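Visitor: I would like to learn how to read the features of a structure like this one, step by step. Could you take me through it slowly?

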Amino acid sequence: MSSCQTPRLALWLLPLGWAGCVTTTNFQSPDQRLTDLSAYTLPAWEMRTGLGLVGTTIDTVGASIPFEVGFPGGVQLGTNVAHDIGAVPNLKLKWNALDVPYFGLGLQAGVMWSNPSLMYYLPPDIQDDYGDVDVILIPAKLSASFPILSWFDVHFDIGYQHSEIVGGVETEVDGGGSLAYREVFLEPRVGFYPWGKCALVLGAYVPVWAKANVSLSGETEIEPGVYAGATARGFQKVDVRGLYTLYLQAEMRWSATHFRVGVVQFVRFADKRFDYPLPTLDLYWRF
């Protein structure tokens, strides 16, 4: 029986020592690549599901329960079940358009939608007053992967994200309108494989351009049969300089079980940004 020795790394990397006891893997082989962090997709009829906490981007922030299925032709269809349960139905389509030695190209698009009337955890009066308001998010991404060496690869994404709030509110002053936000971002990543048994991924989410569009209208009855109203429209470029997110993750495997642990700095959640590092955790299975 061979013994497992703990690698001599910094203390914060000690958990990687577990990888010395798992079956040898090749993180750049077609059936073992990190599909959620690259241009590649799951092999046909393979599924991926699990549980994640904290997350790094809008797709995984908070809690995530990914459910993804690979199809022939490099197509993959998936959803975050945790967001579905939270009354935010979502769907994501990914296509590995090109997979040749030293290069992979992927296209990805999705949609997230919600309405306060579906949010069972809100007070009934909020659901009634805001039941005509829809929240829509449409992300799209072009991904390129470069498996340069057996122990090192580079990934680079260019993405666009459109989010919009549209509808009317029934209060003393009836109103309607929309608020739209558009953002272009870059997401570079590098992967290191110090052994064939573990992976280290260092990545960043960097918004480079954003614009907000506002359209509001409202009216009220000032006396029987007499109404007064107003309409306002405008747009404004949003300063996104410095609103980046950084993350470092390490992944280990036990057959179909995958364990990923890491840290994320400056994670964004809605209009909030946390200025302190947070731990991230993903446990998932591919079968």
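Visitor: What share of the contacts between residues at least 6 apart in sequence join residues at least 24 apart?

Guide: One way to read a fold is to ask how far along the sequence the partners in a contact lie from each other. In this predicted model, 55% of the contacts between residues at least 6 apart join residues at least 24 apart in sequence. The secondary structure comes to two helices and 16 strands, and buried residues make up 38% of the 287 residues in the protein.

Visitor: What is the average pLDDT of the protein, and over which residues does pLDDT stay under 50?

Guide: Confidence is worth checking before any detail is read. The average pLDDT is 84, and 80% of the residues score at least 70. Over residues 1-24, however, pLDDT stays under 50, and for this stretch the model has 29 contacts beyond four places in sequence.

Visitor: How many aromatic pairs does the structure hold, and how should I read one of them?

Guide: The structure holds nine aromatic pairs, and for each pair one reads the distance between the ring centres together with the angle between the planes. Phe-27 and Tyr-193 form a stacked pair, with 5.5 Å from centre to centre and 15° between the planes. This pair links distant parts of the chain, since Phe-27 lies in the segment before strand E1 (47-54) while Tyr-193 lies in the loop between strand E9 (174-192) and strand E10 (198-223), 166 residues apart. Phe-27 counts as buried because its relative accessibility is 5%, and Tyr-193 counts as buried because its relative accessibility is 8%, the cut-off for buried being under 20%.

Visitor: Which pair is edge-to-face, and at what angle between the planes?

Guide: Phe-274 and Tyr-276 form an edge-to-face pair, at 5.8 Å centre to centre and 65° between the planes. Phe-274, at 29% relative accessibility, counts as partly exposed, and Tyr-276, at 45%, also counts as partly exposed. Elsewhere, Trp-151, Phe-152 and Phe-192 form one aromatic cluster.

Visitor: Which charged residues lie over a ring, and over which ring?

Guide: Here one looks for a charged end placed over the face of an aromatic ring. Arg-48 lies over the face of Tyr-284, at 4.1 Å from the ring centre, and the charged end of Arg-273 sits over the ring of Tyr-244, 5.5 Å from its centre.

Visitor: Which residues make up the largest nonpolar core?

Guide: In soluble globular proteins, nonpolar side chains tend to be buried together. In this model the largest nonpolar core has seven residues, namely Phe-27, Leu-34, Leu-37, Tyr-193, Ala-199, Val-201 and Tyr-284. Another core, of five residues, lies apart from it and includes Val-61, Tyr-247, Val-264 and Val-267.

Visitor: Is Asn-90 buried or exposed, and what does its side chain contact?

Guide: Asn-90 is found in strand E5 (residues 90-100), and it is buried because its relative accessible area is 14%. The side chain of Asn-90 makes a polar contact, at 2.9 Å, with the side chain of Asp-84. Beyond four places in sequence, Asn-90 touches residues including Thr-79, His-83, Val-111 and Met-112.

Visitor: Where is Gly-262 found, and which residues does it touch?

Guide: Gly-262 is found in strand E13 (residues 257-265) and is buried, with a relative accessible area of 14%. The C-alpha atoms of Gly-262 and Gln-249 are separated by 4.0 Å, although the two residues are 13 residues apart along the chain. Not counting residues up to four places away in sequence, Gly-262 touches Leu-248, Gln-249, Leu-278, Pro-279 and Thr-280.

How values were computed:
Residues numbered from 1 in each chain as written. Heavy atoms only, no water. Phe/Tyr/Trp six-rings, centres within 6.5 Å; stacked < 30°, edge-to-face > 60°. Helix = DSSP H or I, 4+ residues; strand = E, 2+ residues; numbered from the N terminus. Buried < 20%, exposed > 50% of the residue type's maximum accessible area, 1.4 Å probe, protein only. Lys NZ or Arg CZ within 6 Å of the ring centre and 35° of its normal. pLDDT = per-residue confidence, 0-100. Contact = heavy atoms within 4.5 Å. Core = buried A, V, L, I, M, F, W, Y, C linked by side-chain atoms within 4.5 Å. Polar contact = N/O pair within 3.5 Å; in protein donor to acceptor, adjacent residues only side chain to side chain.
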